[in-house]
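Hi,

Here is the structure I promised to pass on to you. Have a look at it first, and then read my notes below.

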Amino acid sequence: MISKVVNRDIDTVFDWYYHSENFTASPIVFKSKWREPKYWEKGAIRDIVMIARWYNEEITKVVTGKKIDYRVNQSFPPVQQDFTDFF
């Protein structure tokens with residue numbers, strides 16, 4: 001496992017991950033885009049394109065500053081991931 005301590009308050013870190021368009025700051029993420037008209041809320045759908053991967057994800061629940069739940073609707077290569085929580 002790889003880990004790193006981020007010297008930031010929890011709200012700053014949560015906000016960075018919550019706005020997943022920030023993922024493109026990573027050299028392995030080429031695109032992270034929300035599908036309109038919803039952004040950053042329950043029911044919002046995003047596409048994330050990475051090296052050899054694509055994910056279409058739907059936000060299922062947000063508890064601001066604490067938790068983001070999402071489901072992978074489609075992916076390449078295919079993954080079985082009906083429910084994930086982050087944070």
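This is a predicted model: local features need pLDDT of at least 70, side-chain atom pairs count only at pLDDT 80 or more; totals for chains, interfaces and linings use all residues.

Here is what I found, going from the overall fold down to single residues.

First, some ground rules. Residues are numbered from 1 along each chain as its sequence is written, and side-chain values use heavy atoms, with hydrogens and water left out.

**The overall picture**

The protein has 1 helix and 5 strands (helices are DSSP runs of H or I with at least four residues, strands are runs of E with at least two, and both are numbered from the N terminus). Starting at the N terminus, the order is α-β-β-β-β-β. The radius of gyration is 13 Å, close to the 12 Å that the globule rule gives for 87 residues, so the protein is as compact as a globular protein of that length. That radius is taken over C-alpha atoms, and the rule is 2.2 Å times the number of residues to the power 0.38. Along its principal axes, the C-alpha trace spans about 35 × 25 × 25 Å.

How much of the protein is buried? Buried residues make up 30% of the 87 (buried means under 20% relative accessible area, exposed over 50%, and partly exposed in between, with a 1.4 Å probe and protein chains only).

**The aromatic rings**

A search of the whole structure turns up 6 aromatic pairs (rings of Phe, Tyr and Trp, the last by its six-membered ring, pair if their centres lie within 6.5 Å; planes under 30 degrees apart are stacked, over 60 edge-to-face, and the rest tilted). Take Trp-34 and Trp-40: their ring centres are 6.4 Å apart and their planes are at 70 degrees, so this pair is edge-to-face. Trp-34 is buried, with a relative accessible area of 7%, whereas Trp-40 is partly exposed at 29%. Elsewhere, Trp-16, Tyr-17 and Phe-23 form one aromatic cluster.

**One residue to look up**

Ser-75 is buried, with a relative accessible area of 14%. Which residues does Ser-75 contact, leaving aside its neighbours within four places in sequence? They are Trp-54 and Tyr-55 (contact means heavy atoms within 4.5 Å).

Cheers
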